[in-house]
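I opened this entry to record, one by one, the places I looked up in the model. My notes follow the structure itself.

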Amino acid sequence: MADPAMSVTPYWELTFDADGDPAGRPRDRLLAGVTERKVRDLVVFAHGWNNDRSGATRLYDRFLAPVPRLAPAARIGYVGVLWPAMRFSDEPIPDFPRAVAAGAPGRPVLDKDTRHALLESFPGRAILVDQIARLLEQQPPQEAELEEFGRLVRLLVEVVAPGPQALFAADTVAEGVPQSEPEMLAGSSAAACEEFARALAGPEASGAQQGFGLPNPWEGAHELLRQATYYAMKRRAGTVGERGLGRVVGQLAKAAPGVRVHLVGHSFGARLVSFALRGLPEGVRTVKSVTLLQGAFSHYAFAARLPHDARAGGVLQGQQNRVDGPLVCCHSRHDSALGTMYPLASRMAGDSRSVAGLDLGRALGAKWGAMGYDGVQAVPGTRAYTLAEALRAKLPASGCVNVDAAAVVRRGGPPAGAHSDILHEELARLVLAAGRIR
């Protein structure tokens, strides 16, 4: 049944746990409802770092609102994917009210909403969250305390027992072996905190000498916690996509074989819907388009070979061929979450060299770039458009398509920049164009 509070109808929700298992009743309602409502095109949207139903549904409500007016004759159904992710509440989202005032400017503390989100995302670890919050509040000057902070963060985000989540952390594989846990959690925590602190301070401080000129390493500690948490959410997005959403789309193909599915994902939700392609049952061709909005995963994820390592490839190599239509990747140079912090965290996850003094923008063209910053890379035949061009042109019928959305995805404060600035009618129009929904 459609949700009367939503701007679109019919609307269903799909809820998954951290291991990708769907809630049975919402799934069954969806499978029955698309047939009953004679849906032809089903838009399935996965959120990124929202941590509760209200934040996710508000995103879906606002993003999808123009669609009925843009395609009045189409028989469209809508699905909102709910999965256990989180965001730090001090990250502003354009057009969304702040839920709570962040801590004092320049002081890297955990506000109550972020604490609550950590407890919800990592159940059973309240003592660890309290210890982490206490260290961020006290900011002891000893390097040993930064190392202790790193140890607590590792304990918070680790996969406690062998399970599906451990298999979905990598964006690239070398000779079939996924990357290990990131070095930023295995190496010196004090060094990692200093690296992050310099990046947060901006290019003026990036070349500062260690000592009095170095920005507060506890600012970097707060960022280390953020990045470690996002690493866990990234891993979880892959799990939910392949083990959860991919299988449900396969079940939908059996229950309603005529329905055309269009996957849309923001941030880690883009990673989720991309991994759903890997979870599709053999022979299922019901996915007619994929639209990735500021995707927070490697720009090499779909590459058969990495330019800097011929032995390695993307973990999703070839999966774009599971789409019976285009895979459209929106990117923006104004996304500082992906333009600065993502390459830094990725570099620190697998490269022991210091990043001090490096032009992080240049790093995006090499190993550590994010899809939502500069698009799909190293996939032959990928087409490139500006957003205006993409909305004027007839998009390719298959393959990867990069769309520079910087003209509209441009607002937002630090540290995320424009990462969440996706509530634009032009992007809703792009989803319709990718899926040839009229």
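I placed D421 in the loop between β11 (399–404) and α16 (425–435), helices (H or I, at least four residues) and strands (E, at least two) being DSSP runs numbered from the N terminus. D421 has 0% relative accessibility and therefore counts as buried, which stands for under 20% relative accessible area, with exposed over 50% and partly exposed in between (1.4 Å probe, protein chains only).

**Basis of the values**

I note that this is a predicted model, in which local features need pLDDT of at least 70 and side-chain atom pairs count only at pLDDT 80 or more, while totals for chains, interfaces and linings use all residues. Residues are numbered from 1 along each chain as its sequence is written, and side-chain values use heavy atoms, with hydrogens and water left out.

**Strand β7**

I then turned to T291 in strand β7 (residues 287–293), which counts as buried because its relative accessibility is 0%. Leaving aside residues up to four places away in sequence, T291 touches L263, V264, G265, V328, V431 and A434, contact meaning heavy atoms within 4.5 Å.

**Helix α8**

How many of the 13 residues of α8 are buried? I found 10 of the 13, so α8 is largely enclosed by the rest of the structure; among them are C193, E194, E195, F196 and R198. At the start of α8, a side-chain oxygen of S188 comes to within 3.1 Å of the backbone nitrogen of A191.

**Helices α10 and α11**

I looked up how α10 (residues 217–255) and α11 (residues 268–278) pack, and the angle is about 35°, with the axes 7 Å apart; axes are lines fitted to C-alpha atoms, for helices over the stretch in contact, and angles run from 0 to 180 degrees between N-to-C directions. The residues that meet include Y230, M233 and L245 in α10 and F268, L272 and F275 in α11.

**Whole chain**

Finally, I noted that the chain has 16 helices and 11 strands, and that 59% of its 438 residues count as buried.

Technical notes:
A polar contact is a pair of N or O atoms within 3.5 Å; within protein, one must be able to donate a hydrogen and the other to accept it, and residues adjacent in sequence count only if both atoms are side-chain atoms.
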